[in-house]
Every structure is written in C-alpha cells, then in structure tokens.
Amino acid sequence: MKRVFKYRFSRRTLYLSAFYILVLALIGLGLHSLYIGGYLSAWFVSLVVALFALMSLSIPRKIVVKKATVEILCLLDMTEIPRMEIASVQRVPPHLPRVDPRQMRWVVPLFGGYGFFGYYGYYFDLKTFEKVVVYASEWKNLVEIVDIYEQRYYVSCTQADELVALLQSE
C-alpha cells in the first residue's frame, strides 16, 4: 500500500515568492550599480545565490504514505516518520478547511522558509514554547501529526481528510 499526496502552491505563496525574488533582485541591482566592482555587491550576490539554492532544496513536494512510514519529500530533503510512532493526527483546526490566522500567528520561523515557495523548516510556537516542524505549501488544509516523542509536524495537503483518515486507520 502506497499513497502519494502532492503539494499545491497557493496563490499567496506564489505572490510572496515572486515578491522575495523581486526585492532581492532590486537590491542586488542597486548594489551592483552603486558599488561597481566592489566586494559588497559580489558578497551580496553570492549570499543570495547560496540562500536561494539552500531554500529551494527544502521546498516540500509530496507526502508518501507507506505501510510502515510516512515520508515528507522535498527536492533534496526527506523526513521519515514511522507510523508506529504516530500518536495523533488531526486537521488544524479540526474540521475547518482553512487555518485560523489567530492560531498560527504565534508560530514563527526559527530556521526555514516563510513564503519562498512554501512554509518549511523549524518553527517556534510562542504559546507552548515548543519547536514544531512545518512542511506546508499553503496555510490551507493543514494536518498536525504528533509522534510519541511529542514532536509536532504540520503538513499541508489538498486531500487533508483522506490523509487524516489514512493515518488514523491503523
């Protein structure tokens, strides 16, 4: 048994990504025109290229549910959660198609992307003072997976009800 759930980018995520690329390109062009041949423009361009490369490798692509594991696949990264270690699975908030902004505004990024082709990485929940892992391409249809070690994972899935039902079936 293998089931694949693909990520779909929301319009807001695509607009935020285009905005980030545009702002960084304008800053890079401004630095290049102000400091022609200087180390500052070369340093900035190198930093932006490295940042884009690292962030693009962590863009979530799909969720693969197998008999023994749940795999969250990114372009280069893979997070594997054994199904025997899953304590609970639920919609966030339960039975609503869209996340309540008041609930997720207390979750801030520690190390990861916020809006650059998704929301992914390690985030910090200011209400519970816990580290959470987010793999979302949109703030809609979020599913919270909690393992037996109380690590929380938030994943977005257009078929969230099917994912929850599939993970709760065993």
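**View 1. Phe129 counts as exposed, at 61% relative accessibility.** Here buried stands for under 20% relative accessible area, exposed for over 50%, and partly exposed for what lies in between (1.4 Å probe, protein chains only). The model is predicted, so that local features need pLDDT of at least 70 and side-chain atom pairs count only at pLDDT 80 or more, whereas totals for chains, interfaces and linings use all residues. Residues are numbered from 1 along each chain as its sequence is written, and side-chain values use heavy atoms, with hydrogens and water left out.

**View 2. Aromatic pairs, of which the structure holds six.** Phe19 and Tyr20 form a tilted pair, because their ring centres are 6.2 Å apart and their planes stand at 50° (rings of Phe, Tyr and Trp, the last by its six-membered ring, pair with centres within 6.5 Å; planes under 30 degrees apart are stacked, over 60 edge-to-face, the rest tilted). Phe124 and Phe129 also make a tilted pair, with 6.1 Å from centre to centre and 55° between the planes. Phe19 is partly exposed at 48% relative accessibility, as is Tyr20 at 28%, and Phe124 is likewise partly exposed, with a relative accessible area of 22%. Elsewhere, ring pairs connect Phe9, Phe52, Phe116 and Phe117 into a cluster.

**View 3. A nonpolar surface patch of about 720 Å².** The patch is made by Leu34, Tyr35, Tyr39, Leu40, Trp43 and Leu47 (patch residues have over 30% relative accessible area and no salt bridge; nonpolar side chains, namely Val, Leu, Ile, Met, Phe, Trp and Tyr, are joined within 5 Å, and like charges within 9 Å). Helix α2, residues 39-57, gives the most to this patch, with four residues (helices, H or I, of at least four residues and strands, E, of at least two are DSSP runs, numbered from the N terminus). Leu47 has its place in helix α2, and with a relative accessible area of 43% Leu47 is partly exposed.

View 4. The structure holds six salt bridges, each a side-chain nitrogen of Lys or Arg within 4 Å of a carboxyl oxygen of Asp or Glu. Arg3 is partly exposed at 31% and Glu162 at 39%, while Asp161 is exposed at 53% relative accessibility and Arg91 is buried at 10%.

**View 5. A salt bridge between Arg152 and Glu130.** The two side chains meet at 3.2 Å, N to O, and the pair ties together parts that are 22 residues apart in sequence, because Arg152 lies in strand β10 (residues 152-156) and Glu130 in strand β8 (residues 130-136). Salt bridges with shared partners join Asp125, Glu130, Glu144 and Arg152 into one network. Arg152 is buried, with a relative accessible area of 11%, whereas Glu130 is partly exposed, at 30%. From C-alpha to C-alpha, Arg152 lies 18 Å from Val64, and the two are 88 residues apart in sequence; Val64, placed in strand β2, is buried at 3% relative accessible area.

Methods: Areas by Shrake-Rupley, 256 points an atom, 1.4 Å probe, with all protein chains shown as cover.
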